[in-house]
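Me: I would like to learn how to read the packing features of a protein model. Please take them one at a time, with the general idea before the case.

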Amino acid sequence: MSERDDRIEIENAVSPGHRQRVDRAKYTAMRDALLAVLPAAPPGLSVAEAKDALLPGLPEALFPGGAKAGWWLKAVQLDLEAKGTIERAPGKPVRLFKRPPR
């Protein structure tokens, strides 16, 4: 796999137009873990609850001892929000849920 294939471009829901290239394997692992734990309806899970729920499902080889999981969770969260895959429920703290298919 070339270096270009090892990376994926992600978006940021709070900074429209801002794009960043990140490690594809880590992004994919975190995306899959996050989507596996998020409910399909509001109120959803807080970011802290989502992190606690997804940590056991992350590959140890990519996230040894959960290292950097918080950063990757936020990056994936903002990308999936920008893409319309997940949403925030109104209110505080931030609570996330999967957006119903259209």
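Reply: Start with the term nonpolar core: a set of buried Ala, Val, Leu, Ile, Met, Phe, Trp, Tyr and Cys residues joined through side-chain atoms within 4.5 Å. Buried means under 20% relative accessible area, exposed over 50%, and partly exposed in between, with a 1.4 Å probe and protein chains only. This is a predicted model, in which local features need pLDDT of at least 70 and side-chain atom pairs count only at pLDDT 80 or more, while totals for chains, interfaces and linings use all residues. Residues are numbered from 1 along each chain as its sequence is written, and side-chain values use heavy atoms, with hydrogens and water left out.

Me: Which residues touch the most other members of the largest nonpolar core?

Reply: In soluble globular proteins, nonpolar side chains tend to be buried together. Here the largest nonpolar core has 22 residues, and Tyr27, Met30, Leu34, Leu38, Leu54 and Leu58 touch the most other members. Two or more residues each come from β1 (7-11), α1, α2 (47-54) and α3; α3 gives the most, six residues. Helices (H or I, at least four residues) and strands (E, at least two) are DSSP runs, numbered from the N terminus.

Me: What is Leu38 in contact with, leaving aside its neighbours within four places in sequence?

Reply: Contact means heavy atoms within 4.5 Å. With those neighbours set aside, Leu38 is in contact with Leu45, Ala50, Ile86, Leu96, Phe97 and Lys98.

Me: How do I read two packed helices, and at what angle do the axes of α1 and α3 cross?

Reply: Two packed helices are described by the angle between their axes and the distance between the axes. Axes are lines fitted to C-alpha atoms, for helices over the stretch in contact, and angles run from 0 to 180 degrees between N-to-C directions. The axes of α1 (residues 24-37) and α3 (residues 69-83) come within 9 Å and cross at roughly 75°. That makes α1 roughly perpendicular to α3, on a scale where under 35 degrees is roughly parallel, over 145 roughly antiparallel, 65 to 115 roughly perpendicular and the rest oblique. On the α1 side the contact includes Tyr27, Met30 and Leu34, and on the α3 side Trp72, Leu73 and Val76 are among the residues.

Me: At what angle do α1 and α2 cross, and which residues meet?

Reply: Their axes also come within 9 Å, crossing at roughly 110°, and that makes α1 roughly perpendicular to α2. Met30, Ala33, Leu34 and Val37 of α1 meet Ala50, Ala53 and Leu54 of α2.

Me: In what order do the three strands of the open sheet lie?

Reply: Strands of a sheet pair through backbone hydrogen bonds, either parallel or antiparallel. Two strands pair if DSSP finds at least two bridges between them. In this model the order is β3-β5-β4, with antiparallel pairing. The edge strands, β3 and β4, each pair on one side only. Two bridges link β3 (residues 45-46) to β5 (residues 95-98), and four join β4 (residues 86-89) to β5. Arg95 in β5 is the bridge partner of Ser46 and also of Ala89. In the hairpin of β4 and β5, with five residues between the strands, Gly91 takes a positive phi near 100°.
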